[in-house]
Amino acid sequence: MTGVAESDFRVEFDPAMFRGFMAAMKTFEPSLATATRRRLRQAGAETIDDMKRVVASGPGRGRTGVRAGIAAGLSTAVATGTRQQGVRIRGTAAKIPEGHKPMLRLQNKVSFRHRVFGADTWVVQTGRPFFGSVIKRHEDEMVEAVWSALEDAYKAMEATR
């Protein structure tokens, strides 16, 4: 996908089981499904806040809006489609200024090549790989939050049977 950077964090499930559970929850009690999806998205909230702090603390003066755009595009997504299922943290380039959108992927690399503005000279620049290292620090708590949300939903469904 253009303009989307995937993270190293992804909780995946058996596709048919996860999709079936989420659909059953929606049929059983739509408000339970809504609350569970909200909790699944919240599983990465602290990690995203930490990622935003790392992005904001980057070098330079930040006049181009790239760092603010990267930070604004970070979110936790819950996928229940036929091709993708699970919970993941992702970043989109939607809020990054035009002409700078590739920076979402480039900033997450150890280094990258680019042309110097206004010249025909190419240089290697050090990136700021913030996705992997920050997510790794929060991985256990995120996995626990995902499982807790799903277990609580299952228990709520079981309690009314």
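This is a predicted model: local features need pLDDT of at least 70, side-chain atom pairs count only at pLDDT 80 or more; totals for chains, interfaces and linings use all residues.

Me: In what order do the elements of the protein chain run from the N terminus on?
Reply: The secondary structure of the protein chain is made up of six helices and five strands. Read from the N terminus on, these elements follow the order β-α-α-α-α-β-β-α-β-β-α.

Me: How much of the protein chain is made up of buried residues?
Reply: A residue counts as buried when its relative accessible area is under 20%. Within the protein chain, which has 161 residues, the buried residues make up 37%.

Me: What distance separates the end C-alpha atoms of α1?
Reply: Helix α1 covers residues 15-28. Its 14 residues, at 1.5 Å a residue, should span 20 Å. The model agrees with this expectation, because the end C-alpha atoms of α1 are apart by 20 Å.

Me: Within what arc do the buried residues of α1 fall, seen down its axis?
Reply: The residues of α1 that count as buried are F18, F21, M22 and M25. Seen down the axis of α1, these buried residues line one face of the helix, because they fall within an arc of 90°.

Me: Which exposed residues does the face of α1 turned away from its buried side carry?
Reply: An α-helix has 3.6 residues a turn, so residues three or four places apart point the same way. On α1, the face turned away from the buried side carries two exposed residues, A16 and T27.

Me: Is F28 buried, partly exposed or exposed?
Reply: Residues with a relative accessible area under 20% are buried and those over 50% are exposed, with partly exposed in between. Because its relative accessibility is 39%, F28 counts as partly exposed.

Me: How far apart in space are F28 and M157, C-alpha to C-alpha?
Reply: Leaving aside residues up to four places away in sequence, F28 touches A156, M157 and T160. Although F28 and M157 are 129 residues apart in sequence, their C-alpha atoms are apart in space by 7.6 Å.

Me: Which residues does D50 touch, not counting those up to four places away in sequence?
Reply: D50 lies in helix α3, which covers residues 45-56, and it is buried because its relative accessible area is 12%. Apart from residues up to four places away in sequence, D50 touches V134, R137 and H138.

Definitions and conventions:
Residues are numbered from 1 along each chain as its sequence is written. Side-chain values use heavy atoms; hydrogens and water are left out. Helices (H or I, at least four residues) and strands (E, at least two) are DSSP runs, numbered from the N terminus. Buried means under 20% relative accessible area, exposed over 50%, partly exposed in between (1.4 Å probe, protein chains only). Contact means heavy atoms within 4.5 Å. The expected span of a helix is 1.5 Å times one less than its number of residues. The arc is that of the directions from the helix axis to the C-beta atoms.
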